[in-house]
Amino acid sequence: MATNFWASSHYKRWIVDRASLRQARSDDLLYVDNPEHLAFLNIFFANLIAKLGKKLGLKQRVVATATVFFRRFYLRNSYCETDPFIVAAACCYVAAKAEESPVHIKNVVSDARAIFGEDYGIKTFPSDNSKLAEMEFYLVDELDCDLTVFHPYRTLMTLCGKRACPASEAEAGETDDGRDGKMPLGDVAVQTAWFIINDTYRSEVCLLYPPHLIAIAAIYLTLVFNPSARSAIQTAASAASSSAGGNGGSSSQQYGQHDSASRRSSRSSSSSSRRLPAQPPDLIGWLAGLNVSMSLVATIAQEIISLYALWDRYDEDAGKGSAGDAGRPVGTQRHQGNLARSTRAAKASGAGRSGSVLSGSGSTGDGSDARDESVPSEIVTPMFLVQLLLRMREARMADLAHPASGRPVAVNKRLERTQAAG
């Protein structure tokens, strides 16, 4: 895979602006009562792809690539004119090949039929393998054969010093200013940042911003909502500064006791010894030394928080009889609860949907509830979104068959053959 993000197709062709996103959803907006429902579809299909990926035994990076392929496909197509379920299955199939973890097409078709039918009531997913194989070619064509996807995971691990990376293999966002450039996060904090990155694929952030900025925003949110990790870094930085000051005082006394020749040698040796220890960076200095736009990082962080606020109103397990998040894979769970006091065990035991501090439904820190109970909020379920997709497609087909202008309307014949016809 190419290591230069700025010369890659990802940066040149697949980082778009919000106007392009609005234009991509222009047809779908004609068939929904609330434009917010389209944002819920982002969460729905990301969860669906993650569930199918887990069934197929795919790694998180492959699932993330499949989700990016799905987002890119619908930059040029509409939900109301295509079958997004077969597109999601094709994305998993192509992503597994692109990430060198191929799966057999029969397994993709059988597992997709089982998951879509049992969990979402989709009984029309084709059983013919050739339908998915045909959709694969349409998908690759829509992607312009751009199958290289950069993810924030590598930048996260590099910035946290968890993995050595030669300078010749550095990706975008990795520090190259000659300093240590690492933020020494603990394993729990790194895992939290990793989960936040997983959650960003439930939105369109991956289409709007470079991956290294998303990784930095995840680290920033981890430090904001994890006081223990933040205080540990600040304590280490303060201790390093105080010890450096003490060494400087002793070296200055020794400097005055030697003659000029020994003074030069002691000065060079003391300065070299002061450069050897890698002092823990302070938070502000570390962020400033990354040489990135902090306004963009703040914007990404705000969008992630907005995603959690939306996600808190989405009930994935409605009507399934599941116990909260207990049955979900780690990669598909929203990062719920106050990150300062929640643990992964509490989350696995089924901490409720209302525990999302980022969505504003947790504690405000003063013991009061952050949610205004007097304001009703709509809870969206997967079955509601499935029915919405069916209504959108039926309305679109009716408009194409009987246009208001009486003139023929162009139909996407290429994708029509891959629609779920059983």
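Helix H15 gives the most to the lining of the largest pocket, with four residues. This is a predicted model.

**The largest pocket**

About 470 Å³ of space lies in this pocket. Its lining counts 19 residues, and the closest to the pocket centre are Arg18, Leu21, Ala39, Asn42 and Glu204. Four helices each supply at least two lining residues: H2 (18–24), H3 (36–56), H10 (205–208) and H15 (294–311). By class, the lining has 10 nonpolar, three polar and six charged residues.

**The cavities**

How many cavities of 30 Å³ or more are there? The count comes to four. The largest cavity holds about 90 Å³ of space. Its lining is made up of His10, Val68, Val149, Phe150, His151, Pro152, Thr200, Tyr201, Cys206, Tyr209, Pro211 and Ile214. Nine of these lining residues are nonpolar, three are polar and none is charged.

The table sets the two spaces side by side.

| Space | Volume | Lining by class |
|---|---|---|
| Largest pocket | about 470 Å³ | 10 nonpolar, three polar, six charged residues |
| Largest cavity | about 90 Å³ | nine nonpolar, three polar, no charged residues |

Cys206 lines the largest cavity. Is Cys206 buried or exposed? Cys206 counts as buried because its relative accessibility is 10%, and buried means under 20%. Cys80 has 0% relative accessibility, so Cys80 counts as buried too. A disulfide is a covalent bond between the sulfur atoms of two cysteines. How many disulfides does the model have? The count is zero.

**Helix H6**

Now for a single helix. H6 runs over residues 105–120 and has 16 residues. From its first C-alpha to its last, H6 reaches 21 Å. That is close to the 22 Å expected at 1.5 Å a residue.

Which residues of H6 are buried? They are Ile105, Val108, Val109, Asp111, Ala112, Ile115, Phe116, Gly117 and Tyr120. An α-helix has 3.6 residues a turn, so residues three or four places apart point the same way. Look for that spacing in the buried set.

What covers the buried residues of H6? The cover includes H3, H5 (84–98), H7 (129–142) and H17 (382–401). Helix H3 also supplies at least two residues of the lining of the largest pocket. Just after H6 comes Gly121, which takes a positive phi of about 70°.

Technical notes. Residues numbered from 1 in each chain as written. Predicted model: local features only at pLDDT ≥ 70, side-chain atom pairs only at ≥ 80, totals over all residues. Heavy atoms only, no water. 1 Å grid on protein atoms, 1.4 Å probe; cavity = no way out; pocket = protein on both sides within 12 Å on 5 of 7 lines; lining within 4 Å. Points joined across faces, edges and corners; volume = space filled by probe spheres on them. Nonpolar A, V, L, I, M, F, W, Y, C, P; charged D, E, K, R; others polar. Expected span 1.5 Å × (residues − 1). Buried < 20%, exposed > 50% of the residue type's maximum accessible area, 1.4 Å probe, protein only. Contact = heavy atoms within 4.5 Å. Disulfide = S-S within 2.5 Å.
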